[in-house]
Structures are given as structure tokens and as C-alpha cells.
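Work through the exercises below with the model at hand. Each task is followed by a worked solution.

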2 protein chains.
Amino acid sequence: MYAIDELREMIREELERKEYAGEPRSLYEPVIYMLEDGGKRLRPLLALLAYNLYRDDVEKALKPAIGIEIFHNYTLLHDDVMDNAPLRRGRPTVHEKWNSNVAILSGDAAAVTAYKYIEYCDDKYLRRGIDGFNQVALDVCRGQQYDMEFETRDDVSEEEYLTMIYLKTSVLIAGSLRHGALIAGAPEDEYTALYELGGYLGQAFQLQDDYLDAYGNVNEFGKNIGGDIVTNKKSYLLVKALELARDETREELLAWLAATRPDPVEKIKAVTGIYNRLRVDELTRRKINEYIEKSNEILARLPVKEEFKETFREVVRELVERKK
Amino acid sequence: MYAIDELREMIREELERKEYAGEPRSLYEPVIYMLEDGGKRLRPLLALLAYNLYRDDVEKALKPAIGIEIFHNYTLLHDDVMDNAPLRRGRPTVHEKWNSNVAILSGDAAAVTAYKYIEYCDDKYLRRGIDGFNQVALDVCRGQQYDMEFETRDDVSEEEYLTMIYLKTSVLIAGSLRHGALIAGAPEDEYTALYELGGYLGQAFQLQDDYLDAYGNVNEFGKNIGGDIVTNKKSYLLVKALELARDETREELLAWLAATRPDPVEKIKAVTGIYNRLRVDELTRRKINEYIEKSNEILARLPVKEEFKETFREVVRELVERKK
């Protein structure tokens with residue numbers, strides 16, 4: 001079995017060949033720009049790991065794995081337009097560097113390119129592969145729709161929030177594992193179990209993101225701490241705080257949410273203070289651990305080599321212990 | 001063989017069932033809005049006609065035909081955002097009625113839905129069907145990219161223009177015929193010939209659109225006459241006029257293109273006058289007829305029932321003799 005670093009290197013090399021970029025080059029420049037800035041490559045890595053569980057010729061799964069990464073970056077391109085986000089991984093977003101038309105159209109081209117790459121597989125897996133990918137892609141749209149609708153609501157329940165991030169983030173992580181296993185010839189109950197496992201892993205991953213926004217170290221996290229707080233983003237922390245806050249604490253929290261042009265440093269300090277009082281940080285860590293445990297349970301039951309399980313646990317540790 | 005009206009009725013009924021609309025409904029409302037306003041249904045009609053050429057059970061091709069219509073409407077959704085168009089078929093565009101985020105995201109969901117529908121076919125046609133659709137979808141993006149790049153250029157050649165509209169408009173019309181024939185089990189040389197034929201038909205169709213913008217009857221055309229002229233849209237008429245105009249005529253034309261906030265009625269009258277002097281109207285009609293002839297030549301050679309050829313010619317007449 002390949003080591004994580006070896007797989008990451010294969011992904012990096014394949015992406016660097018830029019075979020996905022056609023004519024006119026201007027249509028693909030924003031996609032190249034998105035893909036060249038690194039990122040964790042979590043999704044293609046998971047696809048290759050899942051494939052490698054059943055087969056050694058992982059180079060055959062490289063194109064579909066890259067397709068998933070291209071798909072992920074297409075969703076980021078469009079999300080950044082919709083969220084009017086100025087920065088992505090520390091660099092200007094595509095609609096800032098070019099304009100929003102470029103981000104829309106290059107994103108559309110990237111989505112089709114993703115389909116092209118994902119279908120690199122034996123004919124016998126093609127229909128299930130495309131069906132699975134369609135389901136994932138639609139779920140991501142559904143999640144983004146809920147996310148946008150939550151912006152104007154103050155009564156988002158924990159369950160609604162968890163469903164939203166499941167659709168928006170976790171299904172693609174789950175789908176990466178499922179697709180890798182499927183095209184390697186895994187039995188249905190195993191690629192389905194990997195999908196379930198990936199769903200829990202995705203939830204832990206997203207909650208860790210929410211946690212780091214308030215409790216990360218600015219130098220390591222790479223984005224500004226408190227960005228979610230400043231923009232009133234409905235993160236798990238805020239959803240839980242709105243659920244738990246009573247009396248003056250609730251009034252204080254709602255006042256900060258309603259404040260027009262508050263000082264950002266003061267607001268971050270005050271809202272983080274409220275989170276601390278309500279122990280939202282602890283609750284979030286607990287929830288993350290719940291998801292990790294659930295994914296571990298599925299992993300334990302999976303009839304695969306112990307060696308794979310260890311590699312997989314390494315990825316989980318990297319994700320959940322990460323500071324950025 | 002089914003009559004055109006029967007096929008159109010089947011398409012209407014299938015669309016009316018709105019089976020494509022999932023949850024949350026808000027994500028699909030803009031897609032329903034786009035699809036319920038009629039339109040010519042040219043692309044699904046061509047897909048069904050091509051299928052019907054080889055098989056009688058056209059109901060089996062309905063879902064893929066609808067998928068192509070959904071795809072077409074997804075491209076309109078995004079194009080309207082990019083062009084900042086206020087109206088589509090006489091009604092407010094989706095980004096006007098809702099907002100541009102809605103148009104982007106519902107468009108993305110529609111694109112995936114199109115893929116879901118297009119893959120309704122026997123497994124043996126799936127890879128070629130998806131490959132063909134990927135190629136068409138990427139070509140449409142490429143055409144839109146060229147179209148946007150042409151906006152800021154005054155030296156677009158006739159050849160460049162014809163390539164652009166081929167990519168942006170004709171390949172999808174060609175692809176509709178090819179997909180219908182492919183999933184009906186047509187031989188490769190025949191579905192390829194139908195693709196070529198559709199390409200010529202698409203060119204004639206788009207040039208007719210360009211022609212009607214300046215020479216249509218406002219009551220029949222449904223949009224304002226001269227919309228392309230007012231916005232300096234690089235239509236075939238303008239590209240030809242820029243190629244042919246010399247001396248004072250050229251200066252006059254360039255002055256109208258450079259004018260800031262000119263009176264639209266005066267501008268339309270003046271530019272149409274220039275077109276008349278340069279005989280751009282005649283040249284356009286001639287070009288349309290060239291394309292129709294080319295498509296007729298392919299049709300004549302195609303070893304299919306004479307009855308189909310007549311039905312097909314009826315569609316061509318409808319498209320080229322249309323006033324709107």
C-alpha cells in the first residue's frame with residue numbers, strides 16, 4: 001500500500017501536467033489558478049486510498065481522483081461568487097482577480113471537465129460511478145441552498161445545521177471514498193460503508209473548521225480568526241450558542257448579531273466570550289469526537305487490511321488535529 | 001413516424017410533470033420558471049425526431065430529450081447573469097426576479113439534473129452518450145468565452161464569428177440529433193452525419209436570429225427590434241458591416257459604436273441604414289441558405305425513410321421561415 005505522501009505526490013504531479021486545460025486557455029486560467037495553490041487534496045487522496053485498498057495500480061484511479069478535486073474547486077469558484085468572498089487560501093478569489101462572469105463560466109467548464117475525468121473507469125462501473133457523482137453534485141447544490149437560506153434565519157436548529165454541512169461538505173468527502181472503492185471493484189456493502197464513514201469524517205472535518213475559526217491560532221490557521229463571527233456566519237458554534245443562550249446572554253448575543261458596523265476585534269472578543277460561557281467550545285469538540293468514533297466503528301468492521309486502517313487513521317488524525 | 005406536433009405534446013406533458021424538481025423546492029423554482037414559459041423545444045424535438053428515425057418507442061427517449069432541454073435552459077440561466085439581460089422570452093430573467101446567486105446555484109443544479117436525464121439509455125450507449133454530451137457542454141462554454149471576449153474587440157473576423165456561434169449554439173443542436181440517434185442504435189456514420197447536419201442547421205438558426213434582430217417584425221419577434229444594435233452586440237450583421245464598410249460609412253458606423261448614450265431609435269435607424277447600404281441583409285440571407293443547402297445535402301445522402309426527411313424539412317422550414 002502506498003504511503004499518504006506518495007499518493008499526495010502522484011496527485012501533485014498529475015495536476016501539474018494541466019492536461020485538463022483546453023482551448024481557449026483564458027477559459028481554464030482561473031481553474032489552473034485555483035488548482036495550483038495547493039490545498040489539502042483531501043478528496044483525491046481519499047479516493048486513491050479507497051482504491052488502493054482493493055488494487056495496487058493506483059495510477060489508474062488518478063484521473064477520477066483529479067476529477068473530484070476539479071469538481072471541488074468548481075464548487076469553491078461558484079460559492080466564492082455567491083458569498084462575495086475576497087480571499088481563498090490567502091489569495092484573491094477568482095471573481096476578485098478577474099470578475100464574476102469569469103468565475104461563473106470557468107466554473108461551468110470545470111464542472112464538465114470533472115465529469116470527463118470521473119468517468120475514467122471500466123465500463124462496468126460507469127453507470128454507478130456517474131449516478132453516484134450526480135447524487136453527490138446535487139447534494140452539494142442542496143447544501144449550498146440551505147446555507148444561503150440560513151443566512152437570514154436566527155432559528156436554525158442543530159439538526160438542520162448538521163444536515164446542511166452534511167450535504168454541502170460531507171457527501172463529497174464520502175463520495176470520494178465511494179468512487180475510489182467502486183472503480184477498484186469493491187463489493188457494494190464495502191463501498192457503501194466507506195461512503196457512510198466518509199460522511200462522518202466530513203462532519204468532523206467541517207466542525208473542526210468551525211471550531212478553528214474561533215479557537216484557532218491566527219498564524220497557523222491562515223485565515224483571520226473570527227471571520228465567521230464578524231460576518232454572523234451560521235457556524236455550529238453560533239447555532240449552538242443561539243440554542244443555549246438565555247436571558248441577558250441571549251440579549252447580548254442578539255445585540256452583537258444586529259449591530260451595524262461594530263468594531264470587529266471587540267465583536268470577536270465578546271462573542272467568543274459568550275461561546276466560552278456557554279461551553280460551546282467543549283460541545284463542539286465533543287461532537288467532533290462523536291463523529292470520529294462513528295467513523296472508527298465503521299472502519300473497525302470493514303474487512304480490509306489492517307495496514308489500510310492505520311493509513312486511514314493517520315488521515316483522520318491529520319484532519320482533526322490540524323490547526324489550519 | 002410521429003408528427004412534429006405529437007412529439008411537441010409529449011415533451012410538454014413530460015416537462016409538466018416536473019419530475020426533475022427535487023428538494024428543497026426553492027432550488028428548483030427558477031428551473032421550473034424557465035421551463036414553463038414555452039420556447040420552441042427545438043432541441044428535445046430534434047432528439048426525438050432522430051430517435052424516431054430508428055425506433056418507434058420514442059417515449060424511451062423522452063427523459064434524455066428533456067435532459068437536453070434542461071441543459072439548454074441552464075446555459076440560458078448563466079448566460080443571462082453574465083450578459084446582465086433583463087428579459088428572456090418577454091419575462092424577467094431569473095437573476096432579475098430572484099437574484100444572481102439564485103441563478104448561479106439553480107443553474108448548477110439544473111446542469112447536474114441534465115446529466116441525470118441524459119443518461120437514461122441502454123448501458124451500451126452510456127459512455128458514448130456521456131462523452132458526446134461532455135464535448136457539447138464544454139464547447140458551449142468555449143463559445144460563451146469567445147462571445148464575451150468579442151465584446152471588447154472591433155476586429156472579429158467572419159470566420160471567428162461563425163466558429164463562436166457554432167460552439168455556443170450549433171453544437172447543442174447537433175448534439176441533440178446525435179444523442180437521439182445514438183441511443184436508438186443508429187450506426188456511427190449516421191449519427192455522425194446527423195451531428196454534422198445539426199451543425200449546419202444551428203448556424204442557419206443563429207444567423208436567422210441575428211437577421212431578425214434588425215429585420216424582424218416587432219409584433220412577431222417578441223423582443224425589441226434592434227436590441228443587438230443598441231448594445232453593440234457582435235452579430236453576424238455587425239461583423240460583416242465592420243468587414244465591408246469603407247471611408248465615411250466606416251467612420252459613421254464606428255461613431256455609432258462609440259457613441260455614449262445615443263438615442264436608441266436614431267441609432268437603430270442609422271445602423272440599419274448602413275447595413276442596407278452594405279447589403280448585409282442580402283449577405284446574411286445568402287449565408288443562411290448556404291447552410292440550409294449543406295444540411296439538405298447531408299439529409300439527401302442519409303439512408304433513412306423518405307418520410308423522416310420530409311418531417312425534418314418541415315422543422316427546417318419552421319426555423320428559417322420563422323419571424324420570431
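**Exercise 1.** How many residues of domain 1 of chain A are in contact with residues of domain 2 of chain A?

Conventions come before the solution. The model is predicted: local features need pLDDT of at least 70, side-chain atom pairs count only at pLDDT 80 or more, and totals for chains, interfaces and linings use all residues. Residues are numbered from 1 along each chain as its sequence is written, with chains lettered from A and ligands numbered from 1 in the order in which they are written.

Step 1. Chain A is divided into domain 1 (7–126) and domain 2 (141–324), with bounds from an automatic or database domain assignment.

Step 2. Contact requires C-beta atoms, placed from the backbone, within 7 Å. By this criterion 24 residues of domain 1 of chain A meet 22 residues of domain 2 of chain A.

Step 3. On the domain 1 side, helix 3 of chain A gives the largest share, nine residues. Helices here are DSSP runs (H or I, at least four residues), numbered from the N terminus.

**Exercise 2.** Which helix of chain A supplies the largest share of the side that touches chain B?

Step 1. Count the contacts: 30 residues of chain A are in contact with 30 residues of chain B.

Step 2. Helix 2 (25–35), helix 4, helix 6 (100–118) and helix 7 (123–150) of chain A each supply at least two residues of that side.

Step 3. Helix 7 of chain A, with 14 residues, has the largest share.

Definitions and conventions:
Two residues are in contact if their C-beta atoms, placed from the backbone, lie within 7 Å.
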